[in-house]
Amino acid sequence: MMSTITATDPKASVLPLLEGSIWPGAAEALAHVYALPVPNSRTEAWKYTRVGRLFNQPYATSNGKANVALPARLPFPVTRVVFVNGNFRADLSDELKGQKGLVIDSLKNHLTHGPVKEHYGTLAAMEERLFTAMNTAAPTDGMILLVTKGVRVDKPIHVIHITTAGRQLVQPRDLFMLQEGAEAEVIIEHLALDAPESLVNSVRECVVGDGARLSIHKLQHEVNGPANISFEGVRVAAKGHYSISTTTLDGALVRNDVNVALAGPEAHAELNGVYLLNGSTHCDNHTYIGHDVPDCTSDELYKGIVAGKGTGVFNGKVYVKQDAQRTRAYQSNANILLGDDAKVYTKPELEIYADDVKCSHGCTIGRLDEKGLFYLRSRGVSEAEARRMLAHAFMTDVLERIANEDWRTHLASLIDAKLETL
Amino acid sequence: MSQDTDDILREVTEKEYAYGFVTNIESELAPKGLNEDTVRFISTKKNEPEWLLEWRLEAFRGWLKMTEPTWGLLKYPAIDFQDAHYYSAPKKKPQLNSLDEADPELIKTFEKLGISLQEQKRLAGVAVDVVFDSVSVKTTFQATLKEKGIIFCSFSDAVKEHPDLVRKYLGTVVPRTDNFYAALNSAVFSDGSFCYIPPGVRCPMELSTYFRINSANTGQFERTLLIADEGSYESYLEGCTAPMRDENQLHAAVVELVAMKDAELKYSTVQNWYPGDENGVGGVYNFVTKRGLCLGERSKISWTQVETGSAITWKYPSCVLKGDHSIGEFYSVALTKHHQQADTGTKMTHIGKGTKSTIVSKGISAGRSNNSYRGLVKIGRGAKGARNFSQCDSLLLGDRCGAHTFPYIESENPSAMVEHEATTSKIGEDQIFYLNQRGIETEKAVSLIVNGYCKEVLNQLPMEFAVEAQKLLAVSLEGSVG
């Protein structure tokens with residue numbers, strides 16, 4: 001089967017790079033890659049996002065040794081972990097050994113350890129997902145985060161992913177495991193140094209134990225960046241708490257899949273997103289929240305402003321299993337369109353098989369409030385300034401959901417700077 | 001929920017279909033199966049002109065190349081399209097001047113359904129074009145309508161008497177290649193209603209067709225074409241009931257509406273095909289394509305549907321808002337129980353400037369049924385200042401049913417405003433308690449709440465129809481919860 005590469009297989013451009021990996025389950029995943037087609041407009045999950053062109057060019061293996069200039073440190077204490085083209089760079093990262101009960105390291109070095117063997121590959125089912133299968137077939141490297149029972153990580157972990165020039169295929173693979181009552185906060189930042197032809201295809205699996213709390217803040221500002229496709233598979237146990245806020249400011253083609261299983265009673269998931277798109281940035285957020293057991297809650301809020309030739313896509317699904325009674329699920333997606341060539345496609349879905357539930361979703365697509373603009377202008381505020389103020393206000397409620405004040409302030413300043421350019 | 005409520009819900013689920021009787025009228029059947037000869041047979045039987053036969057055959061050839069859509073959240077065994085009769089007509093074809101001459105059996109059937117023609121006639125204001133199986137039996141009020149220049153007749157008569165109009169509009173809203181079932185209908189459609197309202201005429205009465213599937217193993221494929229010319233107004237009612245049959249019956253109708261400048265068309269449906277028994281045996285498979293085209297400026301098309309029947313419902317009455325400032329509306333109540341599955345909703349395609357659409361969908365699921373809303377709101381690049389509001393609510397009665405919402409919203413114009421909201425919940429125990437406290441028993445309380453929940457949609461129905469729809473909801477939920 002491995003020898004069946006034909007000139008007509010549209011995946012031929014990536015297949016050679018996926019052969020021979022020693023990561024767990026790689027061979028099976030490779031077979032999966034061979035079997036799956038490249039998603040097209042008739043593939044429901046990729047209806048609005050074209051990926052065919054990503055397979056039209058050959059890729060090189062990722063270059064882990066590239067020289068990079070790191071951005072300034074965040075203005076508050078963090079543990080910094082750096083990956084260059086998906087490869088862990090100890091030389092650029094902070095000292096990672098310190099706190100007791102905490103492991104932060106290159107995942108590659110831990111593949112044979114108990115907790116990794118137990119959880120690796122369990123939350124990123126390949127099914128119809130070509131990109132997840134590609135990642136599983138040959139991960140570049142990634143981060144392991146293991147927080148043992150009852151440990152609170154003392155400061156946020158700041159992971160920086162940098163993609164450098166060259167047509168590289170970069171496949172980061174993370175595994176985060178929080179045992180009972182553990183707490184951690186991770187900031188994940190994606191940067192690019194002139195890498196418009198690369199493909200970054202990440203998979204992250206997160207296991208949130210009983211009563212554990214994991215917050216992830218993902219920031220994507222890859223100016224002149226690669227195609228960035230990511231899948232987050234999450235399982236939250238009883239009374240566990242998982243939150244992710246995804247902020248997309250720049251990129252060429254961005255696709256974020258967040259797939260959460262609420263697997264124990266009273267588990268909670270909070271998914272937030274901000275996307276400010278211009279140029280020809282295409283950003284597609286897909287979320288799936290599975291309410292598998294009773295008494296779980298989820299809350300989802302995605303907001304975007306789309307300008308220029310940008311395209312914003314949102315597809316959120318809340319699935320309530322039979323007997324998952326007393327589920328509370330809320331989902332909202334609001335969009336503002338600026339510019340004649342901007343587009344928004346949104347599809348908030350509910351699929352419910354239990355009756356004692358309160359589920360709702362709402363979505364809007366519109367423009368900046370004309371009356372608000374008029375009010376501000378009548379008070380001497382210039383039109384440009386008034387637009388910025390309204391846009392800023394539009395984003396406020398998503399930002400307010402970020403508990404970490406330091407990060408929120410920093411993010412707000414990045415968002416305001418981006419708003420200046422819309 | 002309390003034991004009481006549970007009991008009532010169980011009764012609801014076990015309520016048998018009240019309209020399940022068979023009228024024994026000799027019918028003339030086409031042989032089972034589907035091929036070009038079947039299409040020719042139908043066309044010959046109906047004395048159709050050559051162009052229509054060609055039109056059908058082309059649709060049939062297109063259909064052969066198509067595959068059944070599978071994207072709906074529906075589970076059913078594969079349909080054998082060769083195992084059905086594609087034409088069934090009452091043999092004693094009545095040529096009647098008054099209702100007294102009609103087949104007494106037939107009259108009885110309608111009486112059981114509660115729409116006796118006399119009754120309807122007496123109530124006045126409703127002209128009925130009765131489609132019994134495939135052939136239109138009797139059209140009333142022709143004369144009154146004729147005075148105003150309104151053409152309201154069966155589709156076959158329209159083909160004979162107004163071929164130019166039929167030829168001009170047939171397939172312009174739902175092309176033969178639109179989808180699998182529309183293609184099938186185009187090839188084998190039996191009869192249906194045709195209506196043309198001339199410019200500036202306000203149709204003085206509500207027009208109505210009562211559809212009914214009777215013979216065993218007949219698929220029913222009616223085709224409706226309504227045209228409202230400039231500045232005219234028309235309200236059209238469609239009601240459907242089918243008798244109890246164990247085998248699944250196929251129903252694939254096509255409805256095309258065209259509204260010219262300043263015209264308004266209102267299309268109301270009460271659909272109560274046989275839903276199958278409580279074990280999910282039997283029932284009608286309802287695959288319907290309904291679409292309205294707002295062709296002229298300021299035209300308006302409004303769909304209202306109350307769907308309580310069919311084992312499978314696959315139906316998306318849609319509006320194409322082409323004329324500037326045209327308006328599309330969709331109001332729907334869908335109730336499913338036993339093993340019924342409904343995948344229904346609408347598509348609003350905004351093309352013209354300042355176009356507006358409103359969607360209100362109320363789903364009620366009970367038993368082991370599944371009820372999905374699936375809708376598309378598409379704002380095209382040129383639809384400057386377009387506006388849409390959608391509200392999709394689901395009510396769950398029982399813990400073995402499902403309620404789902406799949407809205408697609410696409411906007412390509414920055415001046416458009418689109419809002420969508422959906423909620424899913426069950427009837428609150430506090431609501432029931434409140435009503436119990438005031439001496440209203442649980443059964444009535446649930447009925448009240450469901451009625452209030454659907455009110456927004458029922459209010460859109462013409463009065464006589466609203467009464468019938470309310471009755472139908474009550475009967476469907478009967479134990480009756482209501």
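Let's start with B:His338. Is this residue buried or exposed? B:His338 counts as buried, because 23 C-beta neighbours sit inside 10 Å and the cut-off for burial is 20 or more. Keep in mind that this is a predicted model. Where does B:His338 lie? In chain B, in the loop between β17 (327-336) and β18 (341-344). Now look at the backbone. B:His338 is not a glycine, yet its phi is positive, near 45 degrees.

How many of its six residues are buried? Six of six, so to speak: β11(B) is mostly covered. Which residues point which way? B:Val254, B:Glu256 and B:Val258 point to one side of β11(B). B:Val255, B:Leu257 and B:Ala259 point the other way. All of them are buried, and note that B:Glu256 is in that list. As background, side chains in a regular strand alternate between the two faces of the sheet.

What does β11(B) pair with? Start with strand β8 of chain B, residues 223-228. β8(B) and β11(B) run parallel and are joined by six bridges. Within that pairing, B:Leu226 is opposite B:Leu257. Then take strand β13 of chain B, residues 283-294. Here too the sense is parallel, and β11(B) and β13(B) share six bridges. B:Leu293 of β13(B) is opposite B:Val258.

Next, the two chains together. On the chain B side, 27 residues are in contact, and they meet 31 residues of chain A. Two elements of chain B give two or more residues each to this side: β23 (402-411) and β24 (417-426). By type, the chain B side divides into eleven nonpolar, ten polar and six charged residues. Strand β21 of chain A, residues 357-366, pairs with β24(B) in the antiparallel sense, over eight bridges. One bridge to find on the screen: A:Ser360 has B:Thr423 as its partner in β24(B).

Now chain A as a whole. Its secondary structure comes to seven helices and 21 strands. The radius of gyration is 21 Å, close to the 22 Å from the globule rule for 422 residues, so chain A is as compact as a globular protein of that length. Along its principal axes, the C-alpha trace spans about 65 × 45 × 45 Å. Of the 422 residues, 51% count as buried. Then sequence separation. Take the contacts in chain A with a separation of 6 or more: 83% of them join residues 24 or more positions apart.

Last, a helix pair in chain A. Helix α2 (residues 26-35) packs against helix α4 (residues 130-137) at an angle of about 145 degrees, and the axes are 7 Å apart. The crossing is left-handed. Which residues make the contact? From α2(A), A:Ala26, A:Ala29, A:Leu30, A:His32 and A:Val33. From α4(A), A:Leu130, A:Ala133, A:Met134, A:Thr136 and A:Ala137. Eight of these contact residues are nonpolar, two are polar, and none is charged.

Terms used: Residues numbered from 1 in each chain as written. Chains lettered and ligands numbered in written order. Predicted model: local features only at pLDDT ≥ 70, side-chain atom pairs only at ≥ 80, totals over all residues. Axes fitted to C-alpha atoms, helices over the stretch in contact; angles between N-to-C directions. Helix = DSSP H or I, 4+ residues; strand = E, 2+ residues; numbered from the N terminus. Left-handed = near helix turned anticlockwise from the far one by under 90°. Contact = placed C-beta atoms within 7 Å. Nonpolar A, V, L, I, M, F, W, Y, C, P; charged D, E, K, R; others polar. Rg over C-alpha atoms; globule rule 2.2 N^0.38 Å. Buried ≥ 20, exposed ≤ 12 C-beta atoms within 10 Å, placed from the backbone. Pairing = 2+ DSSP bridges.
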